[in-house]
Amino acid sequence: MPSKAILLEKNQTEFSCNIQNISEDTLLQQPGDTLIEVQYSSLNYKDALAITNSGPVVRQWPMIPGIDGVGTVISTSSKHFKSGDKVILNGWGCGETHWGCMSQRAFLNADWLIPLPASITARQSMIIGTAGYTAALCVQRILEHGITPEQSNILVTGATGGVGSVAIMLLTQLGYTITAATSKINDTDYLQQLGVQHIIDSKTLSDTGKPLQKEQWSAAIDVLGSHSLANICAQIRYGGIVTACGLAQGIDFPATVAPFILRGITLAGIDSVMASRAKRIAAWEYLAKLLSTRLLEQITQTISLNECPQIARDMINGKIKGRYIVDPCL
């Protein structure tokens, strides 16, 4: 049975992004042991980079994007799952080196999959997606560092995006005071609905700054990188922590050691792609426990495979907010 999918192709002179029907025989040529019927995927920033050919995300061609997926096991040779099980995929190089989940079916490695938590639906799991799962890893790292609600203000950059939106929802549930950094200053209603108390223009962080600046934040969750991350580190209070999980402004980090050796701050890198199965299951249980399903629905739009290229361009250009989940059967 052929599967409708987004297929990215590239040679020395041309790049293409098209909807194609992929035969099951072709799909099964991918390394893997578990065939799933994909119910939903989600559109993340990394997917947008791949779909628009805006960054060196894809490392094997042709490629089906989609770093997230949820669906039902059709067949498997793994002892971990059986036909009919509901499973989630996040990361593991899907959409980069292995065909991903922007397809009606996906052939995956069972070791990459975890069971769908009983307390959330398949749709809700993709509203959360890698963005929300990454946000959970960031929040858990801040808690492990010992930052309590009484100590907060916590800065969240990219606040109207997927990671930022879910991070704010989690921090609000835990009682933290939150400052949102965003280029979409007019989206105050959206951010306040999520639980933000203060909003700043992210442009105030994006230029070259002093090595040490006024201490403002107990902790931060950053998706920007580059000068923004350097300035955030320079503004973190003594003993605070910055969790870094993105590079929307740039991959560079033009900083000094001053905040680290004079204020004892910590810069923690958050890797959601290759995190262990135990970490993933713990993060998903955490998300299922804390997140408001009502708010999740309010920040989400459902799109088809055909709509992905335009939404991906809008995402790269900073024109969207919230989450977009992909129904491959639309």
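Two strands pair if DSSP finds at least two bridges between them. Helices (H or I, at least four residues) and strands (E, at least two) are themselves DSSP runs, numbered from the N terminus. Before you start clicking, note that this is a predicted model, in which local features need pLDDT of at least 70 and side-chain atom pairs count only at pLDDT 80 or more, while totals for chains, interfaces and linings use all residues. Residues are numbered from 1 along each chain as its sequence is written, and side-chain values use heavy atoms, with hydrogens and water left out.

**Stop 1**

Select residues 217-222, which form strand 11. Six of its six residues are buried, so the strand is largely enclosed by the rest of the structure. Here, buried means under 20% relative accessible area, exposed means over 50%, and partly exposed is in between (1.4 Å probe, protein chains only).

Click on alanine 220 to see both pairings: it is the bridge partner of leucine 155, and it stands opposite valine 242 in strand 12.

**Stop 2: over the helix**

Show helix 6 (residues 226-235) together with strands 11 and 12, and you have a right-handed β-α-β unit. Right-handed means that, with the strands pointing away from the viewer, the path from the first strand over the helix to the second runs clockwise.

Within helix 6, pick serine 226. Is serine 226 buried or exposed? At 4% relative accessibility, it counts as buried. Leaving aside residues up to four places away in sequence, serine 226 touches Gln249, Gly250, Asp252, Phe253 and Pro254, where contact means heavy atoms within 4.5 Å.

**Stop 3: an aromatic pair**

Rings of Phe, Tyr and Trp (its six-membered ring) pair if their centres lie within 6.5 Å; planes under 30 degrees apart count as stacked, over 60 as edge-to-face and the rest as tilted. The count by this rule is one aromatic pair. Select phenylalanine 15 and tryptophan 61: their ring centres are 6.1 Å apart and their planes stand at 80 degrees, so the pair is edge-to-face. Phenylalanine 15 is in strand 2 (residues 15-22) and tryptophan 61 in the loop between helix 2 (45-52) and strand 4 (68-76), so the pair ties together parts that are 46 residues apart in sequence. Phenylalanine 15 is partly exposed at 28%, and tryptophan 61 is partly exposed at 33%.

**Stop 4: salt bridges**

A salt bridge is a side-chain nitrogen of Lys or Arg within 4 Å of a carboxyl oxygen of Asp or Glu. How many salt bridges does this rule give? The count is eight.

Start with glutamate 37 and arginine 105, whose side chains meet at 3.1 Å, N to O. This pair links distant parts of the chain, with glutamate 37 in strand 3 (residues 34-42) and arginine 105 in strand 6 (residues 105-108), 68 residues apart. Glutamate 37 is partly exposed at 29%, whereas arginine 105 is buried at 13%.

Move on to glutamate 215 and arginine 263, where the closest N and O atoms are 3.6 Å apart. Glutamate 215 sits in the loop between strand 10 (198-201) and strand 11, and arginine 263 in the loop between helix 7 (258-262) and strand 13 (266-269), so the pair ties together parts that are 48 residues apart in sequence.
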